[in-house]
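Dear colleague,

Please find below the structure that I am handing over to you.

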Amino acid sequence: MVEHRACVDCLRRAWLLADLGPYVERIATGEVGSRSPELLRLSNEELVEVAAPKVAGQLLARTAALSEARLSEALEQAGCWACCRHTDVYPASLRDAADAPWALVGRGSPRLLDRIEPFETVTIVGARRATSYGREIARELGRELAAAGMIVVSGLAFGIDGCAHRGALDAGRTIAVLGCGPDVAYPNSHRSLWRRICEQGLVISELPPGATPWRWTFPARNRIMAALAGMTVVVEAASRSGSLITTDLAADLGRDLGAVPGPVTSRASAGPNGLLAAGAHVIRDAQDVLDAMLGPGRRRIEHSGPSLGSELETVLAAVEAGEVTCDGVAAVTGLSGPAAAAALARLELLGYLDCSSVGIYTRTLLPSPTGSSL
Amino acid sequence: MASVLATARTFTLDGISARPVRVEVDVHRGLPNFTIVGLPDAAVREARERVRAALVNCGFEFPLRRIVVNLAPASLRKAGPGMDLAIAAGLLSASGQLEWERLAQVALAGELALDGATRPVQGALAMAEAARESGAEAIVLPAENAAEAALAEGIGVVGIEALGQLPALVAGEWDPPRPEPLPLRLDPAPGAPDLADLRGQPHLRHALEVAAAGGHSLLMVGPPGAGKSLAASRLPSILPPLALVEALEVARVASACGRLDALPGGRPFRAPHHTISAAGLIGGGSPPRAGEATLADRGVLFLDELCEFRRDALEALRAPLETGEVSIARAGGRLSLPCRFMLIAAANPCPCGRGETDPDCTCAPYDVRRYQGKLSGALADRIDLLAAVRQPSAAEIGGAPGEASAAVRERVCAARERQEWRLGPGRCNAEMTPAEARACALSGEAATLLADLYARQRLSGRAHDRVLRLAQTLTDLAGAEAIGEEQMAQALQMRRRDNG
């Protein structure tokens, strides 16, 4: 295993950023913190001068006083490790950015970082306020891309992020990039997901252990997500969403952009639809991502669900046509209530359907052998 | 003659049961005075004025002596105006105006008007039963309560219109026949809501049938106006008819809560509003009163807008749901009330009611999470069945009426018979213990289906048993011996989902 070390200057930068949290928050909130990636290009002295001129001297002195022993002790106590831009293990893809983080603090398997290559890494972003459609797509994309050997990067947020992570954990590797210390599970209700990623994947951040999130730290972590991957895919996002900051940053770095099309009437799909109009790759499934990144047909996803009898085909078609309840399915197929219920249960078992906690069925991405709609 | 003592029997209502109270009346020389002792509440204390006026207006004499009325046992709190008649009778006897040797063998209950007429009391049925238990020969009560009290067998019941009828009754000049007892309606009254009104919606109908057949609690989720309340109110009509003892219990509860006349017959259906307090739902207060859960005993308790109910109210319902009785502990003692009801709940899929799949849904995801979190909290682990309800289409609403309640009820009764044969009298599949559930006969395919899902960790241990109970009910409805693959698949679809 490669020794992961970071030089003391780069680590001090991480601690300085955490100290600067509230000061940067004050000056960077004009456009919901969208200026933060620009601010992070500045050197320590410039940054402190811009953000906190009154206490500049104190902050710099405090940072300079941090000894190497104390820093590594803090990392060890939080169960974290760090690497910096002066070491070999620091991802090469991050070096492309002028505002690249000086040090990365991680929790989980550092080996994942060694292997990271832009052409094998996909960032999936999207709205926290996602529809069941978006969540399903994010989960399937995460699962199938991870199964095809890709590393799935996302931000552990509610909605699309969480689903992409969960899907990827089912089948392979995933990296969560946080806007707080890597040992801080934020949002708190994703604690168990955070723990699973720490165990099976990797959580990284440019902030030191224990750092709390600020509004400006999210656009800041978006630039890391954008730089890590060869392609950034937007599943669902409103027209003025933070996810679009990530795509802007990715486009600036010359990375590929992909977007999942949605109904033109859906506010949740306004962001990706706009990107599609501007020329982003159309992402209908994981195969589209692989084709766009690696070239058409270079890597194929082999799958198709088990074959279905005629009754199940009819029921599946009814769900695909927009019936989400058992009664609706029974009404359009002419089946009795019990028969429709049994058919839905079988389709759910076979992986064609998902059922929410309130009994609403949605189609998964698993294609049926005869299905033409997907 | 220094003093004259008379005793009479009466009752005070404690929850839905009547506690015997002995009224001792002592009249002796001294300054005119009238005192009631023995923990009377305000209504009992005011009996002095009613009794005084009633005696005088019926042509009796109110003794101008020192009168002490003691209500024994002295430690029991006495509530309500139902002791007027007993106090008046005791006073008449003690003052020598009524030669009633058998007074101590007769129970009396009733409120008096100032002109001596009797007014009905709550809990007449429970009082008549308590009178029988305590060995009284007969109970005398207001004529309006007579039919209700006559439901208690093995005790004489006399209904009187006014205090003035007592002398004739005591002298034996007037010997009224035993009043006809109120007819106990075991079936829903004709004209009660019928399941035929639910058009289309085959799955919802099926879910109701399964709920009724196995005694399973049901959660309906769907947009407002989709027919959830309509469906719930039809449930009593497809439940098996009341057994005689059950009907008597329903009548006892209704009588104690003073609404026996309003009982429509058949199983009760209660739909409390979601602003109800915990005490209103399971009973409580001082003196303790029965709550909606007890009023729904042997019937259906429908909680519409489940997510809007106060959390403490729903929490309070958990233990009663499990044990079938409410236990209220107060400083004055412990009170047990029956509440074996079926729980039916309804909720919207999200705060705005449209559901997340509807593009018009304006709910923030956090709100939806919190809202659906309420569904998975509180009562969720007591709920077996989930039915997603959708707005019926125009064709369905305009279509033919659905199958009538009577036909569905026949199937439900047949399924209940099979359960009683297997589990013992009065028991249903919803009450199966985990051991009993796992002992259900399974066909090979059904076992494979369940084991497959369980192995994939889509099912918790508790959910596993719940699916077995549901599948057993579906099998009982189908009249089959062992749970087949079809029934197992249906049960898997109809189960309440765990992750909320």
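In chain B, 13 residues of domain 1 are in contact with 16 residues of domain 2, where contact requires that the C-beta atoms of two residues, placed from the backbone, lie within 7 Å. The model is a predicted one, in which local features need pLDDT of at least 70 and side-chain atom pairs count only at pLDDT 80 or more, whereas totals for chains, interfaces and linings use all residues. Residues are numbered from 1 along each chain as its sequence is written, and chains are lettered from A and ligands numbered from 1 in the order in which they are written.

On the side of domain 1 of chain B that touches domain 2 of chain B, β1 (3-14) and α4 (124-133) of chain B each supply at least two residues. Helices (H or I, at least four residues) and strands (E, at least two) are DSSP runs, numbered from the N terminus. The largest share of that side of domain 1 of chain B, three residues, comes from α4(B). By class, the side consists of seven nonpolar, three polar and three charged residues; Ala, Val, Leu, Ile, Met, Phe, Trp, Tyr, Cys and Pro count as nonpolar, Asp, Glu, Lys and Arg as charged, and the others, Gly among them, as polar. The two domains of chain B span 3-171 for domain 1 and 195-401 for domain 2, with bounds that come from an automatic or database domain assignment. Their centres, taken over C-alpha atoms, are separated by 41 Å.

Chain A is likewise assigned a domain 1 (8-294) and a domain 2 (310-363). The C-alpha centres of domain 1 and domain 2 of chain A lie 38 Å apart.

Between the chains, 32 residues of chain A are in contact with 36 residues of chain B. The elements giving two or more residues to the chain A side are α15 (326-333) and α16 (337-350) of chain A. Helix α16(A) contributes the largest share of that side, nine residues. The chain A side divides into 17 nonpolar, eleven polar and four charged residues.

Turning to the sheets, chain A has an open sheet of nine strands with mixed pairing, in the order β1-β2-β6-β5-β4-β3-β7-β8-β9; two strands pair if DSSP finds at least two bridges between them. Its edge strands, each pairing on one side only, are β1 (81-84) and β9 (281-282) of chain A. Strand β1(A) pairs with β2 (residues 103-108) of chain A in the antiparallel sense over four bridges, and L104(A) in β2(A) is the bridge partner of C83(A). Helix α10 (residues 217-228) of chain A packs on this sheet, touching β3 (121-125), β4 (151-154), β5 (173-177), β6 (202-205) and β7 (231-234) of chain A, and its direction makes about 140° with that of β3(A).

Chain B contains an open sheet of five strands with parallel pairing, ordered β11-β14-β17-β10-β18. Here β11 (269-270) and β18 (385-388) of chain B are the edge strands. Strands β10 (residues 218-221) and β17 (residues 342-347) of chain B pair in the parallel sense over four bridges, with I344(B) of β17(B) as the bridge partner of L218(B). Helix α7 (residues 202-214) of chain B packs on the sheet and touches β10 and β18 of chain B; its direction makes about 165° with that of β18(B).

As for helix packing, α17 (residues 444-455) and α19 (residues 485-494) of chain B pack at an angle of about 30°, with their axes 7 Å apart. Axes are lines fitted to C-alpha atoms, for helices over the stretch in contact, and angles run from 0 to 180 degrees between N-to-C directions. That angle makes α17(B) roughly parallel to α19(B), a description that applies to angles under 35 degrees, with those over 145 counted as roughly antiparallel, 65 to 115 as roughly perpendicular and the rest as oblique. The contact involves E445(B), A446(B), L449(B), L450(B) and L453(B) of α17(B) and E485(B), Q487(B), M488(B), A489(B) and L492(B) of α19(B). It comprises seven nonpolar, one polar and two charged residues.

Finally, some backbone details deserve mention. The peptide bond from Y186(A) to P187(A) is cis, with omega near 0°, and P187(A) lies in the loop between β5 and α9 (191-200) of chain A. A cis peptide bond also joins A72(B) and P73(B), the latter in the loop between β4 (66-72) and α3 (84-94) of chain B.

With kind regards
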